[in-house]
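Subject: Structure handover

Hello,

Here is the structure you are taking over.

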There are 2 protein chains.
Amino acid sequence: MGAKRCAVTLEDVARQAGVSLATASRAINGSARTVRPEIRERVERAARALNYAANAQAQAVARGRTNLVGLVVQDIEDPYFSSIAAGAMRAAEANGLMVSIAGTGRRPDKEVEYAAALRGLRAAAIVIAGSRTDDRDALDRLGAELDAFERSGGRVALIGQRRLPVDTVVVANRAGARDLGTRLVGLGYRSFGVLAGPRGLLTAADRLTGFAEGLAASDVVVPHEAIMYGEFDRDGGHDAMLELLARRGEVECVFAVNDVMAVGALAALRSRGLERTVAVAGFDDITTLRDVTPALTTVRLPLVEIGEAALEMVLREPADTPRRRLVRGEVVLRESTPGVRRG
Amino acid sequence: MGAKRCAVTLEDVARQAGVSLATASRAINGSARTVRPEIRERVERAARALNYAANAQAQAVARGRTNLVGLVVQDIEDPYFSSIAAGAMRAAEANGLMVSIAGTGRRPDKEVEYAAALRGLRAAAIVIAGSRTDDRDALDRLGAELDAFERSGGRVALIGQRRLPVDTVVVANRAGARDLGTRLVGLGYRSFGVLAGPRGLLTAADRLTGFAEGLAASDVVVPHEAIMYGEFDRDGGHDAMLELLARRGEVECVFAVNDVMAVGALAALRSRGLERTVAVAGFDDITTLRDVTPALTTVRLPLVEIGEAALEMVLREPADTPRRRLVRGEVVLRESTPGVRRG
DNA sequence: TTGAAAGCGCTAACAA
DNA sequence: TTGTTAGCGCTTTCAA
């Protein structure tokens, strides 16, 4: 067993200050200014002398609420999520909240598990940022758990797509990809491939759909065989690119459904000496990836703001009907898609 | 005020199962198998039916300990820290712990503040990953706070350099940079510049010192005017590189004290058409940066393992004398330092 | 304005 | 094996 905890308690402070427990509580952690200044001063001095730190757990039990908010992401190492986390943490700090972060490793069931844990912690709120799959079952379980969480007085916000009747920061993946497709056609590309990420991953699917729509507006289609599924990460993009080359030869332009994959694709092209021959576009505009060469055409998502927005949403009183906040991406054309001159 | 929390309590479960509170507690959250199977089954069924989630705060108060560990980093968006966080979170999950993450934004006082908050939360442990400054005062305050935390029964580990008498995962910045310097001299470089990061940032200073030592072994020195101080991030590297070019012209090889800065430096060189003329080396081997071109020579640090190691350290019983776990970096030569042929 | 005391939900002696 | 009960540290009525 670990050493027994023997921290300074409020009772110690009260005794040292020569006041009652209640008064000490009011002086230090209470709200109403119902304590005489000189007494308050005395209590505060005692607390400082004893280096008192209020037991947040005990306060939580007594008050029935905490200042903890849980953030559930897929993988904190992924810059997409770490930017969102940074935004959420910044907003949390501004509001005196602590953030507990959990990573699911892209297993939908982990989301449910953490939500339950956060309910146990009596977290004030849960924010879930996940490119959830279309696994209907997992979604139902998550919905049930979040429901229980809300009924027990907690607040919930999702980041991604609107799949559940809770406050959601909706990312316009489809519209962004559509815009991108339109712009690429405008640059003269006609022959496309898509590195589509995993089947069943909603974010990926939305981006693929939108992209196809953007092309379709100009009667361009992505042949079925030029859509390569694979992992949602760098290696997934790399491998899918190689396979696409093997299968289709040199398409003019490749859309990878996120930047990390796009970078993998670029690496694959480079290994074949094709990085200036085949155009590549990504999605997200990941900060740390802005210096790759050729600079990546992409759809910029304000990830930090998205994290902040989710946290702010969750801080507000619940509305009777779930709020949606739409965040659009903005196409950023760079040298990875220089355009083609058609004769 | 927010809605009143009215979660299912253990008492509800006990009543529903027709047993006493104590029995219900033992059946669900207790350790010893001192409950008859059929009763346990009954209690568990009741809990499930009621969708009971134990109040972790109340458990914490009653037990006097929590399963929360606090992780304090500078900036979760920085891949250096997000990798460490990923490692710590992975190890935490494997041990049934929740992780609360706080970002200091590189303000040393925030470390103290969060440590105090975590003491209030009765966190089981605190892990601080910070390239702390040489600000003696801030360090003393942190030491005092961590001391109070430990005395109240918590465990502490640091990641970085050994500055305080607590368990530490020591990163061999100096030795790594020394090796790097040696290898670069071996490649034929003689004229160096260093993008040294902020003055007073220990990690940066250690890397600079080590690098200079590595060169000195071959009687190569970095001229004082070729050491450029600046921010520890991408823009810091970029700007410092431009300034170095302005001041010294084309040195043969530039050492940026971290990869992110090195990428900024590459961008600056590229803007001058010099990215294949001036060699660049970094430090860390950040995963998402492995595909920049030219591929970056660097010192690889096992960041995820470092995070795991810190968490494992903190899980063990405290030793009577602080533990140190040394992690060395490994030089990785890539095309950003092709070497020179001297005539 | 202050103090006494009743909880908050749970655990862990101690009895039965 | 089960139940009773006294805490855990704090907040918050309710009186004084």
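This is a predicted model: local features need pLDDT of at least 70, side-chain atom pairs count only at pLDDT 80 or more; totals for chains, interfaces and linings use all residues.

Residues are numbered from 1 along each chain as its sequence is written, chains are lettered from A and ligands numbered from 1 in the order in which they are written, and side-chain values use heavy atoms, with hydrogens and water left out.

DNA strand C

DNA strand C is surrounded by 24 residues, the closest being Thr23(A), Arg26(A), Leu10(B), Ser25(B) and Tyr52(B); a residue is near the strand if one of its heavy atoms lies within 4 Å of it. Of the atoms of DNA strand C that come within 4 Å of the protein, 68% belong to sugar and phosphate.

Both chains take part: helices H2 (21-28) and H4 (56-63) of chain A and helices H2 (21-28) and H4 (56-63) of chain B each supply at least two residues of this surface. Helices here are DSSP runs (H or I, at least four residues), numbered from the N terminus. H4(B) gives the largest share, four residues. By class, the surface has 12 nonpolar, eight polar and four charged residues. Ala, Val, Leu, Ile, Met, Phe, Trp, Tyr, Cys and Pro count as nonpolar, Asp, Glu, Lys and Arg as charged, and the others, Gly among them, as polar.

A side-chain N or O atom of Arg63(B) is 3.2 Å from a phosphate oxygen of DNA strand C, and a backbone N or O atom of Asn55(B) lies 3.3 Å from a phosphate oxygen.

Helix pairs in chain A

Helices H1 (residues 10-17) and H3 (residues 37-50) of chain A pack at an angle of about 125°, with axes 8 Å apart. Axes are lines fitted to C-alpha atoms, for helices over the stretch in contact (heavy atoms within 4.5 Å), and angles run from 0 to 180 degrees between N-to-C directions. This contact has seven nonpolar, one polar and two charged residues.

In the second pair, the axes of H10 (residues 234-248) and H11 (residues 259-271) of chain A come within 6 Å and cross at roughly 45°.

Regards

Definitions and conventions:
A polar contact is a pair of N or O atoms within 3.5 Å; within protein, one must be able to donate a hydrogen and the other to accept it, and residues adjacent in sequence count only if both atoms are side-chain atoms.
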